[in-house]
Amino acid sequence: PPLLTKLKKPCLRCLLNRLIKMSKTIRNYQPPRILGPVFLFSTILGFGKFPYAPGTIGSILGLLDFTLISVGLSKSLNFTLLPVIFVIALICVHEYCKITHNHDPKEVIIDEYLGQYIALLLSYTALYFLIPDLVLDDNGQLMINWWVIIAAFISFRFFDICKLGPVKYFDQKQTAFGVIADDIAAGIIAFIVVFLGSWLFSLSF
């Protein structure tokens with residue numbers, strides 16, 4: 001029937017256009033080299049390819065790095081390394097997104113690593129100066145306060161997943177900077193939550 005013919009032509013044309021676009025995407029796709037620096041840095045040595053909750057894996061890696069290594073480093077060194085890591089991450093994420101034709105690949109977890117690390121570093125630095133009893137032992141040395149660590153982890157994951165306020169703003173930016181900036185924003189908000197919670201806790205004792 002004429003009506004059926006009229007309906008079929010646009011549908012076939014639409015399907016053909018989609019197939020052409022898909023073929024162009026497949027033809028232009030260049031899988032990132034598994035051992036290439038862009039892949040290794042963006043996915044943190046391939047941990048981002050873990051099939052379940054890769055973002056949480058990135059946060060755990062940031063937590064482990066801070067608690068096992070970085071908490072023993074000087075604050076000045078930590079704050080010096082952060083901008084360097086941020087710039088390298090920005091370059092690598094930009095290249096990875098361009099190669100994969102995806103503005104926010106799930107396997108890219110260097111952003112979660114950075115956000116979690118910032119949440120912990122800011123929390124420990126603020127507590128060191130303002131509520132030292134929570135992060136210093138009897139000898140005046142930095143110690144691992146697991147309540148602070150766990151609070152920073154849960155707070156960061158909550159704001160990173162829920163995308164509230166500035167986190168959502170940066171998440172909507174389909175750029176490499178947006179991929180990283182939304183996690184940095186989540187890390188800063190998590191720090192504020194942890195510090196306020198620690199301050200209220202210290203007032204009760």
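Cys162 is partly exposed, with a relative accessible area of 37%; partly exposed here covers what lies between buried, under 20% relative accessible area, and exposed, over 50%, using a 1.4 Å probe and protein chains only. Cys92, at 10%, is buried. Searching the whole structure gives 0 disulfides, a disulfide being a pair of cysteine sulfur atoms within 2.5 Å.

Some housekeeping. This is a predicted model, where local features need pLDDT of at least 70, side-chain atom pairs count only at pLDDT 80 or more, and totals for chains, interfaces and linings use all residues. Residues are numbered from 1 along each chain as its sequence is written, and side-chain values use heavy atoms, with hydrogens and water left out.

Next, helix H3. Helices are DSSP runs of H or I with at least four residues, numbered from the N terminus. H3 covers residues 54-68, which is 15 residues. From first C-alpha to last, H3 reaches 21 Å, close to the expected 21 Å; that expectation is 1.5 Å times one less than the number of residues. Among the buried residues of H3 are Pro54, Gly55, Leu61, Leu63 and Phe66. The buried residues of H3 pack against helix H5 (110-130) and helix H6 (146-162).

Asn78 sits in helix H4, residues 75-100. Asn78 counts as buried because its relative accessibility is 3%. Apart from neighbours within four places in sequence, Asn78 is in contact (heavy atoms within 4.5 Å) with Ser70, Leu73, Tyr117 and Leu121.

Now the pockets. On a 1 Å grid over the protein atoms alone, a pocket is an open set of points where a 1.4 Å probe fits, with protein on both sides within 12 Å along at least five of seven lines; lining residues have an atom within 4 Å of a point. Volume is the space filled by probe spheres set on the points.

The largest pocket holds about 250 Å³. Its lining has 16 residues, and Gly55, Asp104, Lys106, Glu112 and Lys163 lie nearest the centre. H3, H5, H6 and helix H8 (176-203) each supply at least two lining residues. By class, the lining of the largest pocket has 5 nonpolar, 1 polar and 10 charged residues. Nonpolar means Ala, Val, Leu, Ile, Met, Phe, Trp, Tyr, Cys and Pro; charged means Asp, Glu, Lys and Arg; the others, Gly among them, are polar.

What is the volume of the second largest pocket? About 210 Å³. Its lining includes Leu134, Trp147, Ser155 and Phe201. H6 and H8 are the elements giving two or more residues to that lining, and H8 gives the most, with 5. The lining of the second largest pocket divides into 7 nonpolar, 4 polar and no charged residues.
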